[in-house]
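Colleague: Hi! Could you walk me through a few backbone details of this one?
Modeller: Happy to, let's look at it together.

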Amino acid sequence: MKFNDFDKQMRIYEESLDQYILPDMYLVARLDGRLFTKLTNEICKSEAPFDTQFRDYMVETTKHLMECGFRIVYGYTESDEISLLFHAKDDTFGRKVRKINSILAGEASAVFSLKLGRIATFDCRTIPLSNLEKVADYFIWRQEDAHRSSLDAHCYWALRKEGIEPGEASAMLEGKSMSYKNELLFQRGINYYELPVWQKRGIGVYFQDSVKEGDDPVSKDTAQTARRELTVNYDLTPGRKYGEWVAAFADRE
């Protein structure tokens, strides 16, 4: 059998489970750290409930993913997860799911591992969304998840620092309302609403145009150069306004 015929025959098996994101769908990819609770609490001994070095590694990983070959227009990170919004016209790798998932997971794992100095891995899933309203809803959902997880984390570690065992601390919070948890913190001298916004709402990363001034080496005159740079926002607004602001990036030229 000629190789070209043999190659064609075998690729049927390789491509049998391929999926593609349809061109009329908006696309988000979400990455999650694998076993990061153990990594941060037991191996790296990160500061709890929020560690600024870990935060900075997540931000730098997000920034790298936004410049690794896809047309990604907005990145959002909270805890050990990253959500990436693709431009509506992005057609990298024909929107093949296995390519998007494997490349983003590999890039994130490599960058974060290098920064951490030990192996850390991410998984990745692609999420097709039918319209801009769903895009807004997705990011509102992830921000609300960040808010609830942040409140739980602050409560859990407040109890743990009092000497309460992990299982008992978790049981004390199970099924409790947000008002109960806010009061639990307040009684311990912590006003949850005065904590840094990034701990409660996550962090946004996006491109902005800026103008830099410098000396022209030929004319010796001052010249202005337009640049497109990544901006990190640690003070995101909440709710519907936030979601609509993010969704607008998907079609922006």
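**Loops and a helix**

Modeller: Let's start with Pro49, which lies in the loop between helix 2 (36-43) and helix 3 (52-65). Keep in mind that this is a predicted model.

Colleague: What kind of peptide bond joins Ala48 and Pro49?
Modeller: A cis one, with omega at about 5 degrees.

Colleague: OK, new topic. What about the phi of Ser79?
Modeller: Ser79 is not a glycine, yet its phi is positive, about 55 degrees.

Colleague: And where is Ser79?
Modeller: Ser79 sits in the loop between strand 2 (72-78) and strand 3 (81-86).

Colleague: How exposed is Ser79 there?
Modeller: Ser79 has 48% relative accessibility, so it counts as partly exposed. The cut-off for exposed is over 50%.

Colleague: What does phi look like at Phe93?
Modeller: Phe93 also isn't a glycine, and its phi is positive, near 55 degrees. Phe93 belongs to the loop between strand 3 and helix 4 (97-116). With a relative accessible area of 42%, Phe93 is partly exposed.

Colleague: Now helices. How far apart are the end C-alpha atoms of helix 5?
Modeller: They are 42 Å apart. Helix 5 covers residues 132-160, which is 29 residues, and at 1.5 Å a residue it should span 42 Å, so the two values agree.

Colleague: Which side chain reaches in at the start of helix 5?
Modeller: That's Asn131: one of its side-chain oxygens comes within 3.1 Å of the backbone nitrogen of Glu133.

Note on methods:
Residues are numbered from 1 along each chain as its sequence is written. This is a predicted model: local features need pLDDT of at least 70, side-chain atom pairs count only at pLDDT 80 or more; totals for chains, interfaces and linings use all residues. Side-chain values use heavy atoms; hydrogens and water are left out. Helices (H or I, at least four residues) and strands (E, at least two) are DSSP runs, numbered from the N terminus. Buried means under 20% relative accessible area, exposed over 50%, partly exposed in between (1.4 Å probe, protein chains only). The expected span of a helix is 1.5 Å times one less than its number of residues. A polar contact is a pair of N or O atoms within 3.5 Å; within protein, one must be able to donate a hydrogen and the other to accept it, and residues adjacent in sequence count only if both atoms are side-chain atoms.
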